[in-house]
Amino acid sequence: MSLLAIEDLTVALPKGADRQHALTRVSLSIEAGEILCVVGESGSGKSVTATTIMRLMAPGVRVESGRVMLGETDLASLPDEALRRLRGSRIAMVFQEPMTALNPLMAVGDQLAEMWRTHTELAADAIAARSLAALKEVALPDPEGALRAYPHELSGGQRQRVMIAMALALEPELLICDEPTTALDVTTQAQILTLIRELQQRRGTAVLFITHDFGVVAEIADRVAVMQQGVVVEQGSAEQVLTAPVHEYTRRLLAAVPGLRAPPPREISPEAVLEISNLQKTYRPAGIFRRRRAARALDGVSVTLRRGSTLGIVGESGSGKSTLARCAVGLLGFDGGEIRIAGSPLPRARQAAAHLVQMVFQDPYASLNPRRKVGDQVAQGPIAAGTARAQAMAEAAELFALVGLEPSALTRFPHEFSGGQRQRIGIARALAMKPEVLVADEPVSALDVSVQAQVLELLRGLQARLGLSILFITHDLRVAAQLCDEVAVMQNGLVVEAGTIGQVFEHPSHAYTQSLLAAVPGRGMLGG
Amino acid sequence: MRRALAAYARNPAALLGAVLVLMVLGMGLAAPLLFPQDPLGLAGRPLQWPGANPRFPLGTDPSGRDIMAQLFHGARVSLLIGFVATLVASAIGIAIGAVAGFYGGWVDTLLMRVTEAFQTLPNFLLLLVLVAVFGSHINTVTIAIGLVSWPPVARLTRAEFLTLRTREFVSAARVQGLGDIHLMLREVLPNALPPVIVYASVVMAVAILLESALAFLQLSDPNVPSWGNLIGLGRNVLRVEWYVSAIPGVAILLTILGVSLMGQGLNDALNPRITGK
């Protein structure tokens, strides 16, 4: 008999949602000692599956029919108080965002100890000993120090280790991981995945692993269930689903996962359109009492973008790649070095700089003003620069057609668009100024993999048609391989390696580049 | 917007608030039709109890004026004072808060220290000083009330601007080459406004109370029939003819209750996280 069996589970969404049911007759089972990956795009119902097991659904979401059997117990019909006792002791959960999942005002040791204080009768010193052992088990450096530390003193990966220690504290039979590595850097992600794998094998825990990333699936899954619109469309062993998918949707998703192999190199014009030389930027804390020390974000960075090509800047969080992007568009001042666009220094005046360089932002939900029509937001730049309103709107309509949107969408508000459409609007807004250089700061990292592929395709097409020069910031090496002609790898404010994408990805010379490439999930099964 | 209106209409307390405010508004609008004579003119024998004389359903005050007429005309005065004073306070508060929050740094430090200087003075004392210096004409009183009520609006606006100015859509407009005025007025302000609108209802309620308190001390304009003046008149006969003060007191209570409920309702309706439930 399975450890967890979800039988014909139908979960209703509140009235007015985009569909009636979050889950429609979902059946899944997990054996002891097995990792089941539930994979799907946003809105597929994969997270609702996890929260329904734990009864942590958003208000208004409720189970309509079906059972959630943990051994002999039906979790779906259990009274709240009985379920509360099961949480943490028999089922535990690790959340996506390690930054917000820990209480910032409580020391890590106290939060960890709460698990035993709540669920067991252990004495204080026994709890302290167990807390220490738990942190040792998740391989935190300096576990004694970590017990006394507050969450903000730990890195994201360390916090996620603490969350895993907390989840496993009472030796639950089932561990639910809801996108536990999505917020982490790729090398940290690889470490956390290994950790979960090891702990799970050592203890025989069953793991329900929710993810959107097929690379992660390939790394960790024993079995895979693919969800679409609240329905499980395909399930089977990891090997079978990833290499011989049956359902059309699975095939489409897998085809959208970008490969790591760069396309054959193109002819690149020798003319440099953006030259950044020896750029330095230090963040100095403001205020009279400078308690924090100054952080050096860019430590002499030099890169060159050639006309009509794409230069990828890759690196992990804290490498300085976003700072570089913000300096290049004039959003941030810099301390030393030079930025030259088309031969002359980047002007300080906003108006003048706007015609030279434009930016596509990361978060399609935050980068459009929710209270203004999208057409106005696209046309406002040219209008401020002196273009007549009617002409600016006509140009905006042309741009909308160019990026694959209906020109009639100009008069709508941002909330009427999907994430991918919003990113298209963001691209249209940047192109409206007819810039020499387009800086794209993680433009696809907030998008589902199939939408990601479409937006990348759009950027490639626009580059071919308009001869765009793109400075492309990304943490995702697969995405970089799709679009970039050249690439610069950044670490701690320095470019450690640069060259054509084929050369860097196939023959990385720097140890950091090698470790980044090695950490890309799913290389073995999905292909490099 | 339509979603916010629907959310508001589902909230019974908020609807009650709207009904109360509309009633007071209706009283103010109907006053010149129902009571065309000067409400401050002599109407009959002083201090008649409510119901004693069918001509004066709510009785007469110590000067022999019709309380009902004063109540209706007073609704206009109280609402007008509340509205104009709120406008004055919001205009000053939003301007100062927007500049402080948008620019940050020393501009913020300077403007916030000025704001704190105003906040450390009890606003009623400051109001007394202003009225003592500039006189107690109804216009002066109204503007003075606005002048003492802006600091919380400024702080609230500043807090909103501080978080909104770092949002990507503001950066995007900046990269498009748009000026600071555009960024503040078109990008940030519309997003910062909902909590400020909600707080404006508090300012309005307090403004009405402040005027009543001034009038009770007989420092407000004696030539307008405000509710506060009526309460002030009743002060000397409070132990026997208590209705003179009590009737306008109840009117003030209901108005402020209405305005506050409306503010709370707006808060719930404009806050998407609460609307979802």
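Four strands of chain A form an open sheet in the order 12-11-14-15, and their pairing is antiparallel. This comes from a predicted model, so to speak a computed picture to walk through step by step. At the edges of the sheet you will find strand 12 (295-306) and strand 15 (344-345) of chain A, each of which pairs on one side only.

Look next at how strand 11 of chain A, residues 272-283, sits beside strand 12 of chain A: the two pair in the antiparallel sense over nine bridges. A helix joins the picture here. Helix 12 of chain A, residues 321-328, packs on the sheet and touches strand 11, strand 12 and strand 14 (336-341) of chain A. The direction of helix 12 makes about 120 degrees with that of strand 11 of chain A.

Strand 9 (residues 223-228) and strand 10 (residues 231-237) of chain A pair in the antiparallel sense over six bridges. Gln228(A) stands opposite Val231(A) in strand 10 of chain A. The hairpin made by these strands has two residues between them, and Gln229(A) takes a positive phi near 50 degrees there.

Now let us move to chain B and a pair of helices. Helix 5 (residues 123-134) and helix 6 (residues 138-149) of chain B pack at an angle of about 145 degrees, and their axes are 9 Å apart. Helix 5 of chain B passes helix 6 of chain B in a right-handed crossing. Which residues meet here? From helix 5 of chain B come Asn123(B), Leu126(B), Leu127(B), Leu130(B), Val131(B) and Phe134(B). They meet Thr140(B), Val141(B), Ala144(B), Ile145(B), Leu147(B), Val148(B) and Ser149(B) in helix 6 of chain B. Sorted by class, this contact has ten nonpolar, three polar and no charged residues.

Finally, turn to the place where the chains touch. The contact takes 17 residues from chain B and 24 residues from chain A. On the side of chain B that touches chain A, helix 8 (168-175) and helix 9 (180-216) of chain B each supply at least two residues. Helix 8 of chain B gives the largest share of that side, seven residues. What classes do the residues of this side of chain B divide into? Six are nonpolar, five polar and six charged.

How values were computed
Residues numbered from 1 in each chain as written. Chains lettered and ligands numbered in written order. Predicted model: local features only at pLDDT ≥ 70, side-chain atom pairs only at ≥ 80, totals over all residues. Axes fitted to C-alpha atoms, helices over the stretch in contact; angles between N-to-C directions. Left-handed = near helix turned anticlockwise from the far one by under 90°. Contact = placed C-beta atoms within 7 Å. Nonpolar A, V, L, I, M, F, W, Y, C, P; charged D, E, K, R; others polar. Pairing = 2+ DSSP bridges.
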